[in-house]
2 protein chains.
Amino acid sequence: MPKARTTPIYTTPQDAAAAFYQAFEARDLDAMMATWADDEEVVCVHPGGPRLIGFEAIRAAWEALFSSDTRLRFRLESPVAIDTVGLAVQSVTEHVFLADGSSRGIAVATNIFMRTPIGWRMVCHHASPAPPVPAAAPAGPLH
Amino acid sequence: MPKARTTPIYTTPQDAAAAFYQAFEARDLDAMMATWADDEEVVCVHPGGPRLIGFEAIRAAWEALFSSDTRLRFRLESPVAIDTVGLAVQSVTEHVFLADGSSRGIAVATNIFMRTPIGWRMVCHHASPAPPVPAAAPAGPLH
C-alpha cells in the first residue's frame with residue numbers, strides 16, 4: 001500500500017528551498033514534487049540539460065534522475081535572496097558532492113518560488129555548471 | 001561631450017526584456033545598464049561564466065564583453081512568463097548568431113525583472129549553454 005502523506009505547506013520561500021534540497025539528497029520523488037507548483041508554466045533546467053517545461057515533464061526528469069545509483073549531497077554558498085510578496089528568488093552556488101564526500105563539481109542555481117494557496121512552491125529551477133575557480137574572463141564562449 | 005540620455009522607464013517586464021536584448025545586440029553599455037536595477041542584490045551569469053553579484057560587477061562584465069569585436073544577434077524562442085505584481089520571470093531559449101548569420105549556439109536564459117519606482121528592471125539574468133538537440137537524458141553530468 002502506498003505511504004499516505006499529508007502535502008506539506010511551506011510558509012516561507014526558505015522552507016520550500018530547504019525541502020527541495022532535502023528531497024534532492026534523499027532522492028524522494030514525492031517530496032521533491034511537493035516543493036513544485038503543479039502548473040504547466042514551471043521550468044526546470046538541470047546542468048547541461050534541456051529546458052523542461054511543465055509539472056509532468058519535470059517530474060519525469062526527476063524520476064529518471066533519482067532512479068540512478070548516484071546519491072548527491074549539496075553545500076549551498078553565498079545565497080542572494082530577492083523577495084517580494086508573491087514571488088521570491090534564491091540565487092546560490094551549489095557545491096555538489098558524492099556520497100563518499102568527493103566533489104562532483106560546482107553549479108550555479110537560480111531558484112524561484114511562488115506564493116500559492118497551498119504555500120510557497122518552486123516555479124523555476126535553473127542550474128548550470130560553474131567554473132571551478134573565479135574566472136578572469138567575465139563570460140564563457142557562448143555570449 | 002558625452003551624449004545626454006534620459007533614463008528610460010519600462011512600464012512592463014516585456015519592455016525591459018526587449019530593451020535588454022536590443023542593448024546586447026547593439027553592444028550599448030549605457031542602454032544595457034539602464035535595464036538593470038542599480039542594486040547590490042542583482043545577479044548575472046553568462047554561459048559558462050562565474051556568478052556576478054551587484055550592479056558594478058555586472059557592469060564591468062558587460063563592458064568587457066562589449067569591448068570584443070564579436071557582434072551577436074538573438075532569436076528568442078518558446079518564452080515562458082511567470083508574472084506577479086512586483087516580480088516577473090521570463091524563461092526563454094536564446095538562439096545566438098554571429099553578425100554573418102552563422103550560429104554561435106543555443107542558450108537557456110532565466111530573466112527576472114522587478115517593478116521599481118523607475119519602472120521594471122532586471123534583477124537576475126542566468127544564461128547557460130543548452131544541448132543543441134533535445135537530449136534523451138534529462139540531465140547533464142553534474143546533477
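A helix here is a DSSP run of H or I that spans at least four residues, and elements are numbered from the N terminus. The model behind these exercises is predicted.

**Exercise 1. The second largest pocket**

Task: Determine which element gives the most to the lining of the second largest pocket, and how that lining divides by class.

Solution: 
1. Start with the volume: the second largest pocket holds about 230 Å³.
2. Next take the lining, which consists of 13 residues. Those nearest the centre of the pocket are Thr7(A), Pro8(A), Asp30(A), Ala31(A) and Ala34(A).
3. Then assign the lining to elements. Helix H2 of chain A, residues 29-33, gives the most, with 3 residues.
4. Finally sort by class: 7 lining residues are nonpolar, 2 are polar and 4 are charged.

**Exercise 2. The largest pocket**

Task: Find which elements give two or more residues to the lining of the largest pocket, and state which gives the most.

Solution: 
1. Chain A supplies strand S3 (72-83) to the list of elements with two or more lining residues, while chain B supplies helix H1 (13-26), helix H2 (29-33), S5 and S6.
2. H1(B) gives the most, with 4 residues.
3. By class, the lining has 17 nonpolar, 4 polar and 8 charged residues.

**Exercise 3. The contact between the chains**

Task: Describe the contact between chain B and chain A by its residues, its buried area and its count of salt bridges.

Solution: 
1. Count the residues: 57 come from chain B and 57 from chain A.
2. Take the area: about 4300 Å² is buried between the two chains, and carbon and sulfur atoms give 68% of this.
3. Check for charge pairs: there are 0 salt bridges between chain B and chain A.
4. Check for polar pairs: 10 residue pairs are in polar contact, counting pairs with both residues at pLDDT 80 or more.
5. List the elements on the chain B side. Those giving two or more residues are strands S1 (43-45), S2 (51-53), S3 (72-83), S4 (87-98), S5 (103-116) and S6 (119-129), together with helix H3 (55-66).
6. Among these, S5(B) gives the most, with 9 residues.
7. Sort the chain B side by class: 37 residues are nonpolar, 15 are polar and 5 are charged.

Terms used: Residues numbered from 1 in each chain as written. Chains lettered and ligands numbered in written order. Predicted model: local features only at pLDDT ≥ 70, side-chain atom pairs only at ≥ 80, totals over all residues. Heavy atoms only, no water. Contact = heavy atoms within 4.5 Å. Buried area = accessible area lost by both parts, 1.4 Å probe. Salt bridge = Lys/Arg side-chain N within 4 Å of Asp/Glu carboxyl O. Polar contact = N/O pair within 3.5 Å; in protein donor to acceptor, adjacent residues only side chain to side chain. Nonpolar A, V, L, I, M, F, W, Y, C, P; charged D, E, K, R; others polar. 1 Å grid on protein atoms, 1.4 Å probe; cavity = no way out; pocket = protein on both sides within 12 Å on 5 of 7 lines; lining within 4 Å. Points joined across faces, edges and corners; volume = space filled by probe spheres on them.
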